[in-house]
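Thanks for coming. I will show one model today and talk through two parts of it.

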Amino acid sequence: MSVTSVEPKSTPAPTGSRLDLAGVSRWYGNVVAVNDISMSLGPGVTGLLGPNGAGKTTLLHMMAGFLAPSRGAVTLDGAPTWRNPEVYRRLGLVSEREAVHTFLTAYEFVLASARLHRLPDPTEAARRAIALVELEGAQSRRIGTYSKGMRQRARVAAALVHDPQVLLLDEPFNGMDPRQRLHMMDLLHRLGGAGRTILFSSHILEEVEQLSGTVQVMVAGRLAASGDFRTIRRLMTNRPHVFAIRSTDDRALAVALMAEPSVAGVELGQAGLTVRVSDYGAFTRALPKIAPARGIRVRQLVPEDESLESVFSYLVEA
Amino acid sequence: MSTVSWITARGLLGRRRFLLLFPLPVLLVLLAVLSRVLGVDPSEWGPSVLVGLGLAVVLPVIALIVGTGVLGAEIDDGTVVHILTKPLPRWQIVLPKLAVAAGVTAVTVAVPLYVAGVLASSVRVGLALAAAASIGALAYCALFLALSLVTRRPVLLGLVYVLIWEGLLGNFVSGTKVLSIQQYVIALADRFAPTELLATDVSVPVAAVMSTLIAVGFTALAVDRLRSFSVAGETS
């Protein structure tokens, strides 16, 4: 597979477009889905990371003009996105919901998008967009016969047909196999490199890590962290960890572990040990040496707070 | 044909739901043919078949299926986002969809009504029924299309309007007839071809003005609602 053979159309506007959020909140009755978020997105790829239910989709819908902010404003190059269809000349959206006109072929579908955009040469634009997502081979088959990943690519092609300055994607990698994922990442990367403003949401750390340098982390409706991915990643790995350990001799193991600098505290309970660790890497390297040296067999080692929610909530406190 | 109407027509005619449109018109024609073959006097079967079935059931039900389908089906399955993420003024989405809905409804209903009208009385009555039903199709479709943007349950609400308001209340509370598309259609058909078979209390001017108001008003409402269309707020 040659992923570099098709290049996005060269950028005429060197500055690119900016999507700005100023104090944006959205609530449903008493439930606050998005809480006072401000950010400014410029050219390049940005990841919107957060656990499920953090409000990522709500935020994306407000960015794309499909939801009115309860408070605050979303603007694309100064123009509001809500009740303003004109923004779609510069904005493309790939929603999470796998909604496609299954009775159309991919070519018809993308061509219809090009026509709805009133592009001067819709056939050429459709051909180019389909080539961009490498769907030429299947373009005359009905979308109903496609796999999930292919449908996703058809949707991306439709969203890219007018060569938008800003592309928003909601969980674009869901349901894709590794090869498709790699291809999509490469495509987004190239678009970002060509000066497009790309924002994609994800609840998977690794996806964001591989694709974007800049990341916005959302937890429970709030913007928890924002900036360079490596800094945030370091915060995440260096945070205190808690492990539940069961072994052949919990008390002896507790004594041995207390001598370790990486261990911050040990609690001996009915169900085994609860160990608080200050240095994740050092502890996980030390444990396999300590236990056998004392003739203790570790039966169970369970990280207690590895859920994404706890990782993220740590970031909120940090 | 605009791209919006092209997609709408393909979506409407390409779904299995389209088959729902055929039984009622077929039933209408069958009953008319049967009555005619058996030699029943038209004054006995005419009102019940032409009005009771044709105008009171076939027309609104077909309009309900089609009118809530042209936009409602796309809202339900989420494909509406594809049309909405285009720099089109929203009336350029609503009007083509309304045109397709009214057109499909008019053809589906006018043809059997014409046949039944001819069998019951004359070609003139048949044509009058077909013409009045086409006007009714436009008014009903505008109403149901707007409903599909105002509520998540347009079919249910539409049925309540057709069955309870027009069907039931119209018989007991004569005042409700002034707000009944069915009565406008009867009045207009009776005006195009005066016949004993059609009877209503609503005057022709009221029928004409109200039909126009409903068609224009609900279309304007639909355009405005689509302008503020919000994607359902569930986060996943």
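I will start with chain A and then turn to a helix in chain B.

This is a predicted model: local features need pLDDT of at least 70, side-chain atom pairs count only at pLDDT 80 or more, and totals for chains, interfaces and linings use all residues. Residues are numbered from 1 along each chain as its sequence is written, while chains are lettered from A and ligands numbered from 1 in the order in which they are written.

Chain A is assigned domain 1 (19–228) and domain 2 (238–317), with bounds from an automatic or database domain assignment. The C-alpha centres of these two domains of chain A are 41 Å apart.

Now the strands, which are DSSP runs of E, at least two residues, as helices are runs of H or I, at least four, both numbered from the N terminus. Strands pair if DSSP finds at least two bridges between them. Strand 1 (residues 19–28) of chain A pairs antiparallel with strand 4 (residues 71–76) of chain A over 5 bridges, and Leu21(A) stands opposite Val74(A) there. On strand 2 (residues 31–41) of chain A, strand 1 has 7 bridges, also antiparallel. Those two strands form a hairpin with 2 residues between them, and Gly29(A) in the turn has a positive phi of about 60°.

On to chain B. Which residues of helix 2 are buried? They are Pro25(B), Leu28(B), Ala32(B) and Ser35(B), buried meaning 20 or more other C-beta atoms within 10 Å of the residue's own, and exposed 12 or fewer, with C-beta atoms placed from the backbone. Because they cover an arc of only 100° around the axis, they sit on the same side of helix 2 of chain B; the arc is that of the directions from the helix axis to the C-beta atoms. The face turned away from that buried side carries the exposed residues Pro23(B), Val26(B) and Val37(B).
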